[in-house]
Number of protein chains: 2
Amino acid sequence: DDLKKQRAAEPTDPFSSDPERHPVLRINTRKPFNGEPPPEILSDSYITPAAFFFKRNHLPVPQVDPASYRLQVEGLPGGGLTLSLEDLKTKFPKHTVTATLQCAGNRRSDMNKVKAVKGLNWGITAIGNARWSGARLRDVLLAAGFGPDVARWARHVHFEGLDKDVTGTPYGSSIPLSKAVSEEGDVLLAYEMNGEEIPRDHGFPVRVVVPGVVGARNVKWLGRVVVSAEESGSHWQQHDYKGFSPGTDWDHVDFKSAPAIQELPIQSAITVPADGAVIDRSDETLTVTGYAWSGGGREVVRVDVSLDGGETWQVAQLRSGEKGQAPEAPPPPGRAWAWKLWEITAPLPPEAQELEIVCKAVDSSYNVQPDTVPPIWNLRGLLSNAWHRVTVRVRDD
Amino acid sequence: DDLKKQRAAEPTDPFSSDPERHPVLRINTRKPFNGEPPPEILSDSYITPAAFFFKRNHLPVPQVDPASYRLQVEGLPGGGLTLSLEDLKTKFPKHTVTATLQCAGNRRSDMNKVKAVKGLNWGITAIGNARWSGARLRDVLLAAGFGPDVARWARHVHFEGLDKDVTGTPYGSSIPLSKAVSEEGDVLLAYEMNGEEIPRDHGFPVRVVVPGVVGARNVKWLGRVVVSAEESGSHWQQHDYKGFSPGTDWDHVDFKSAPAIQELPIQSAITVPADGAVIDRSDETLTVTGYAWSGGGREVVRVDVSLDGGETWQVAQLRSGEKGQAPEAPPPPGRAWAWKLWEITAPLPPEAQELEIVCKAVDSSYNVQPDTVPPIWNLRGLLSNAWHRVTVRVRDD
Ligand SMILES: [Mo]
Ligand SMILES: [Mo]
C-alpha cells in the first residue's frame, strides 16, 4: 500500500513500470536496470534461464500491448510492410537458434583496474546463452520487397526500439545488409526465449537476435526495421560501441576513425573458483569451470588453463549441452553461435600456497585472446578479452 | 655445359626441371624450393611481384603442358566434368580478386627462439599480396552439376595437385563446401597472377585461390577437384597444418583433436627497420613500415606501434594501394581479402640508446594479436602471430 502510494506520488518516474528482477542479480545500475548473475550460477547451465540472463537496458522498459503491437518494415519499394505479432508468428516459418549474446562491456571491470574507463562496471557475466525462436529477418525482408534491385543500393539494416529517452529518441543500431539477408546469417525477429514468450527485460514482444554480433545490435522491443544505404546514425552506432587504441583519450578520440563493433572477438572466463577463494590442500585436486565464446559464428575449438600464472597449460574439456545430457548437434562451419562451457580437474601442485589460475580460448580461425589488459585498454572499456585470471589460496587443514 | 652434363648425369633428380628463381630470395630449402623475399622489398609494393612472392613448395614443380592440361571435377551426379585450360578461360566469366596468401608457418622463426619446432624456419615474409584472375570455383561446380541435391550430402571440396611425392601421392587439401560455393567466397580457379599467366612456382597453369584461407589450401598445379561428404584424407589436411596447445608434445599429440587450419588469425609485422639496425640520432624522426592482414575476409582496421616495448602506442597510417596512387575500392563487409601496408613516422625519443619497436594489428571483428610467443607456441610452429618486435640502436654521430 505504501509502495503503491509512493508510485502514485512519482508519476513521472519512467522506470516505475519496469518488471521485477531476480534478487540474485548483481546490480550495476537500477535506472536503467543493468544487472548480471553470479558466475557460478551462470556456468551451471548451458542454456541460461531468462531470470539469470544479464539485463542491459539503456532506457526504461517500454510497456507494449501485444495485441496492438506493430512492427514497421521500411525503406523498401512499395512502401514496406506493417506486421502484427500474430503476423510474425503465422505468416513466416518459425526458426530456432541457440545463440550467445555478450555485452560489449563484459569484463569492463578488468579495464577499470588498469585505468578508469567510462561505462558500467561489468564483471565477467554480461553474457548468456539462450534458445531464440522467431521469424527469420531474411524472410520478412523478402516478403517486404527485398530483392536484387534493392541489393544494388542497400548496405545496412537499421533497428529501432520502442524504448525512448526523455527527448523521445529511441534506442537504435544497424547491421550490414549481407548479415541480415544471408541464408547462413540466422538473424531472427525473435518472439520466444527458451521456449516461452520473451520476458519484458529481454525485449517483449519482439527483439532482433543477430547471432555472433555484439549485444548492442540485438535491439529489444523492436519497433522499426529500415533498409538503408547508410549505417544507423544513432548515438549507439556512431559515438559509442567502437574500439580505440590504448593511446587514444577523450580529448583526441575521433569516432569516425573506428568501425562500429559488430562481430566480437574470442572470449573466455573462469566462473569457478572465484578470485580470492580458499582451497583445502586435502582436496588434492582442483576443478576449474568457465565459458568460452567467439563472435562471427567462429566455434571455440580449445580452452587452455594454467594453474601457474601462464607458465604451463593444460587443455580443458568442452561441453555444448547440459551436464549429463546429449550435446547439441555440431553447427555448420561459420555458424557456431553458441558458447561452450568448459571444465578441468587437475592435481593441486604439492607445495603451492597460492595459485594464479588463467584461461584462454582459441576459435576456429585460430584467433586467441591477448595476454594482458593494458595493450587493449580503451577509453570506453569495451572488448575486454584478455586472459582471465583468478588467484586462490591453498589452506593447510 | 658442365651444368648440362651434370644434370644429364643425374636424370633421377625430380627437382632438375624446377624453374629459375630471383637471387634476392632467402632460401629455406632448395629441394623442394622454399624461399622468401627481404622484408624491405616485400613492403615496397602493395601488389607483390611474382618474382618476390614467397615460394612454398612441398614437392618438385611439375612440368605441365598447357595444351594437354585437363582439370577433373568429380564427385557430382552425372560423372563430373573435364575441362581444358581453354575451357576454363572461355566457358566461364573471368573474375579478378586481390588476395593475400600467407603460409601457416610464416614467422615460425619466432617460435623456434622459444623452443625448437618442426618445420621450415620462415622469417616474416612468407606472405604476399597478388591480383588473381580466373574462373569462379562456384561457377565451375554449378556447371558440373552442383545444386540443392548435392548440398544435402556434400560438405567439403578437395583439391589435388599435379605435384607428386616419390610414392606417386599428390599434394592435397580441402575446404568447407560453404566457402567453395558461396557467392561471397570469391574462390577462384586462377590462371593469371598479376595480369600474366601464373608462373610455374605459383601453380602454372591453374591454382586454386581461396581468399582469407591459409596458403596450404590454395593448391597449385591443380589437377582434380572433388566434391565430398568428408574432409580430404591427405597428410597435409589430417596430420599437419593444425594448431595445438603449448603443452602438447610429439608423444601426446592427437591430430584428430584439432581442426585443420582454414581462416588465419590477425597478423602484422615490421618490415623496416630490421632487427639490429642502427639509427642516427641526428635523423630526429624514425619511420617504421610493415604489413597487416587477417583471414576470413576480416579487414585490418588499425595498427598500433610502440617505440618503447609496448608501454605506449601510436596509431599507424594504413594503405590499400601503391604509394602515391589511388587506393583499391573498399571491400564489402567480410570480403577484405587483401593486406594493408602501414607506416608511421615518429620523433626519436631524445635520450634513448635503444628502441624496442613493436606492432600489433586489429581486425574488423576486433580480434587482436597475442602479446607474447610462448603461450601460442606449438610443436609445428604454426600460427605465429604474436606482436612483432625489433630492437634498434640509436647512434650519436
Ligand atoms: Mo552492450
Ligand atoms: Mo604453408
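A salt bridge is a side-chain nitrogen of Lys or Arg within 4 Å of a carboxyl oxygen of Asp or Glu. In this model, which is predicted, the count of such salt bridges between chain A and chain B is zero. The two chains do make polar contacts with one another, with a count of 18 residue pairs where both residues are at pLDDT 80 or more.

**Where the chains touch**

- The contact between the chains draws on 36 residues from chain A and on 35 residues from chain B.
- About 2700 Å² of area is buried between chain A and chain B, and carbon and sulfur atoms give 54% of this area.
- On the side of chain A that touches chain B, strand S17 of chain A, which covers residues 300–306, gives the most, with three residues.

**A sheet in chain B**

- Chain B holds an open sheet of five strands with mixed pairing, and the order of its strands is S15-S22-S21-S17-S18.
- The edges of this sheet are formed by strand S15 (278–280) and strand S18 (314–315) of chain B, each of which pairs on one side only.
- Within this order S22 and S21 stand next to each other, and strand S21 (residues 354–363) pairs with strand S22 (residues 388–395) of chain B in the antiparallel sense over six bridges.
- Opposite B:Cys359 stands B:His388, which belongs to S22 of chain B.

**Paired strands in chain A**

- Strand S20 of chain A (residues 340–347) runs antiparallel to strand S16 of chain A (residues 285–293), and eight bridges join the two.
- One residue pair to look for here is A:Thr289 with its bridge partner A:Glu343, which lies in S20 of chain A.
- S20 of chain A is also joined by three bridges to strand S19 of chain A (residues 317–319), again in the antiparallel sense.
- In that pairing, A:Leu318 has A:Trp342 of S20 in chain A as its bridge partner.

**Cysteines without a disulfide**

- A disulfide is a covalent bond between the sulfur atoms of two cysteines.
- Over all chains, the count of disulfides comes to zero.

**Cis peptide bonds**

- In chain A, the peptide bond that joins A:Val272 and A:Pro273 is cis, with omega at about 0°.
- A:Pro273 is found in the loop that lies between strand S14 (267–272) and strand S15 (278–280) of chain A.
- In chain B, a cis peptide bond leads from B:Lys31 to B:Pro32, and its omega is near 0°.
- B:Pro32 is placed in the loop between strand S1 (26–29) and strand S2 (34–36) of chain B.

**Positive phi values in chain A**

- A:Arg107 is a residue other than glycine that has a positive phi, near 65°, and its place is the loop between strand S6 (94–102) and helix H4 (108–114) of chain A.
- With a relative accessible area of 1%, A:Arg107 is buried.
- A:Tyr241, likewise a residue other than glycine, has a positive phi near 50°, and it lies in the loop between helix H8 (235–238) and S14 of chain A.
- A:Tyr241 counts as buried, at 3% relative accessibility.

- Is A:His58 buried or exposed? A:His58 is buried, since its relative accessible area is 19% and the cut-off for buried is under 20%.
- A:His58 sits in the loop between strand S3 (55–56) and strand S4 (70–74) of chain A.
- The side chain of A:His58 makes a polar contact of 2.8 Å with the side chain of A:Tyr241, and another polar contact, of 3.4 Å, joins it to the side chain of A:Arg56.
- When neighbours within four places in sequence are left aside, A:His58 is in contact with A:Pro32, A:Tyr171, A:Trp236 and A:Tyr241.

Conventions
Residues are numbered from 1 along each chain as its sequence is written. Chains are lettered from A and ligands numbered from 1 in the order in which they are written. This is a predicted model: local features need pLDDT of at least 70, side-chain atom pairs count only at pLDDT 80 or more; totals for chains, interfaces and linings use all residues. Side-chain values use heavy atoms; hydrogens and water are left out. A disulfide is a pair of cysteine sulfur atoms within 2.5 Å. Two strands pair if DSSP finds at least two bridges between them. Helices (H or I, at least four residues) and strands (E, at least two) are DSSP runs, numbered from the N terminus. Contact means heavy atoms within 4.5 Å. Buried area is the accessible area (1.4 Å probe) that two parts lose on being put together, summed over both. A polar contact is a pair of N or O atoms within 3.5 Å; within protein, one must be able to donate a hydrogen and the other to accept it, and residues adjacent in sequence count only if both atoms are side-chain atoms. Buried means under 20% relative accessible area, exposed over 50%, partly exposed in between (1.4 Å probe, protein chains only).
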